[in-house]
Amino acid sequence: LIQMLRSAKRRDVLQLLRRAPKEMLPFIVEAAVAAQSVASLAALSDFLDFSKDPKSLLEKFLYAAAFSPRPSVELLHLLLEKLDGKQLAPEVQETGIVAMGSLVGKLCQQKLCGLQEVRRAVETILRGLSSAEEESEAVIYLLALGNAALPEAISTLLDHAEEGPTTITAAAISALQRFPAWHISDKVKQAMRRVFHEKRKSYEKTCRLAAAEILLGNEPSPMDVINILLATSEMETEMATFLLLKVQNILHDNHPARNIMKDIMRDSRINNYNFFSKAGISSSFSGPLTVTQDLLSTFGLDLLFLEGGFLRKSVSDFSLFSHGQRLHAAQVTIEAQGMESMLGENMMEGEEETELMAGMSAIFFDVQLRPVVFFQGYTDLMAKVLLSSGEPTSVVKGNLLLMDHHQVIPLQSGLQVAIKLQGGLGLDISADMDMSIWEQELKTSINTRGSLTIDFQAELDAPFLQATLRSQTEAETSIHFDNMLRFSGSLVLMCLQLREEQVPYR
């Protein structure tokens, strides 16, 4: 369909969009975005009406744009045109902003940062951040800056990380975690030290832990590691347990900071039972799924609990490492905040009280998606508990073009071979959170289904000889991660389950 759309005229693409059955329309919109021909983008511009079309169709278009492997400037221009100065549904506006950040980041990777449309998009994001009145609005712009990963935005992110309220600080540090190691300068590390050691004000525990992760994960100095370890002796049990497990993971994994850690652990004043015997139930685990000469794929699971045993934050992460580069294949974070007051727990001295809220955010193929809120405030929680439909919340669902490569190779004989490689992904991620106040149970489940197809074609075309080599690969997979927590007794009971269905490979 993509190949057909690339050779079609604007009139024909527009006619296809207008006549398509309702259930097929999202698929054709995704294909038209992936085609990225002048005709297909012009047809989409005529067809899509952001003030009238259903939110689901508009989000399909925006996510298809965000995941484009090599987006064109024309695609960014279309996105800016559709979002500019219009009153849109909040979900569409938010998805559009994170998609804009993703397009800016990918165009800058193609050395196109200086183009007028890219500069305009960056100004739109920065202007939106400075004029945001609601915290939730500012968070979206910060996540867009994380998607863009522009070095010039680092100082803006640092200001928000140090001075903002909890949600702003968390979003800004999360955006900084997206930057590659060579952008984590001494200035960034100094700011993260101030957050972790609370030099200017008190910070929420997840913000401090995220700051520690940046320090530990990016060529840490021995002094940073020692200071973080020493700080755990003054922390509450769960936070200290989580951080110590992070350090132990670095020692066990093939981590860049492993040798520094080994040297520090030779000191018995630090590597002793008193330090590493914290009896919390929080955990941090990471380990390899696949190891080859060129590729390492890992699965990581972080679980941070409150002192009373309630789950504060869970992060499940699938990452790919190859030749010094990291790709977040999928990272799903579920957070529940403000539960301390509901469970009768005391806040830490100086810690900001946060509103009761549970939600989820996901990064897929290095693109941060729009966060999903399960409930916000006690009234909303009770309404969701009483009126729960039992239906999971869809995070992202659609078809994406991941690989799109065309190359002509001249042979020594004087002939030429044309090579085409395309890879498409069908994806469906959903999540569900079910909380029972009466039975004091919390269940969360994340379901990820995907199908990948790769089409390879090599063609030799000469006046006296014609030859074509073609191969097609298809694979499907389904991963379910379930987490059940019962906190009615003095001992918290927890069940974790990771299920992977059989992978058909053709």
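Predicted model: local features only at pLDDT ≥ 70, side-chain atom pairs only at ≥ 80, totals over all residues.
How many residues of domain 1 are in contact with how many residues of domain 2?

The domain assignment of the chain gives domain 1 as 281–387 and domain 2 as 388–505. Between these two, 31 residues of domain 1 are in contact with 27 residues of domain 2. Together the two domains bury about 2400 Å² between them. Of that area, 87% is on carbon and sulfur atoms.

Please find helix α2, residues 10–19, and helix α4, residues 38–47. Their axes come within 8 Å and cross at roughly 45°. An angle of that kind makes α2 oblique to α4. The crossing in which α2 passes α4 is right-handed. On the α2 side, the contact is made by Arg10, Val13, Leu14, Leu17 and Arg18. On the α4 side, Ala39, Ser40, Ala42, Ala43, Leu44, Asp46 and Phe47 take part. What kinds of residues make up this contact of α2 with α4? Eight are nonpolar, one is polar and three are charged.

Next pair. Helix α6 covers residues 73–83, and its axis comes within 10 Å of the axis of α8. The two cross at roughly 40°, so α6 is oblique to α8. This crossing of α6 and α8 is left-handed. From α6, the residues are Val73, Leu76, His77 and Leu80. They meet Glu117, Val118, Arg120, Ala121 and Thr124 in α8. Sorted by type, the contact of α6 with α8 has five nonpolar residues, two polar and two charged.

Stay on α8, residues 116–131, for the last pair, where the partner is helix α9, residues 135–148. Is α8 roughly parallel or roughly antiparallel to α9? The axes come within 8 Å and cross at roughly 150°. Because of that angle, α8 is roughly antiparallel to α9. The crossing is left-handed as α8 passes α9. In α8, the contact uses Thr124, Ile125, Leu126, Gly128 and Leu129. In α9, the residues are Ala138, Tyr141, Leu142, Ala144 and Leu145. The contact of α8 with α9 divides into eight nonpolar residues, two polar and no charged.

Notes
Residues numbered from 1 in each chain as written. Heavy atoms only, no water. Axes fitted to C-alpha atoms, helices over the stretch in contact; angles between N-to-C directions. Helix = DSSP H or I, 4+ residues; strand = E, 2+ residues; numbered from the N terminus. Parallel < 35°, antiparallel > 145°, perpendicular 65-115°, else oblique. Left-handed = near helix turned anticlockwise from the far one by under 90°. Contact = heavy atoms within 4.5 Å. Nonpolar A, V, L, I, M, F, W, Y, C, P; charged D, E, K, R; others polar. Domains from an automatic or database assignment. Buried area = accessible area lost by both parts, 1.4 Å probe.
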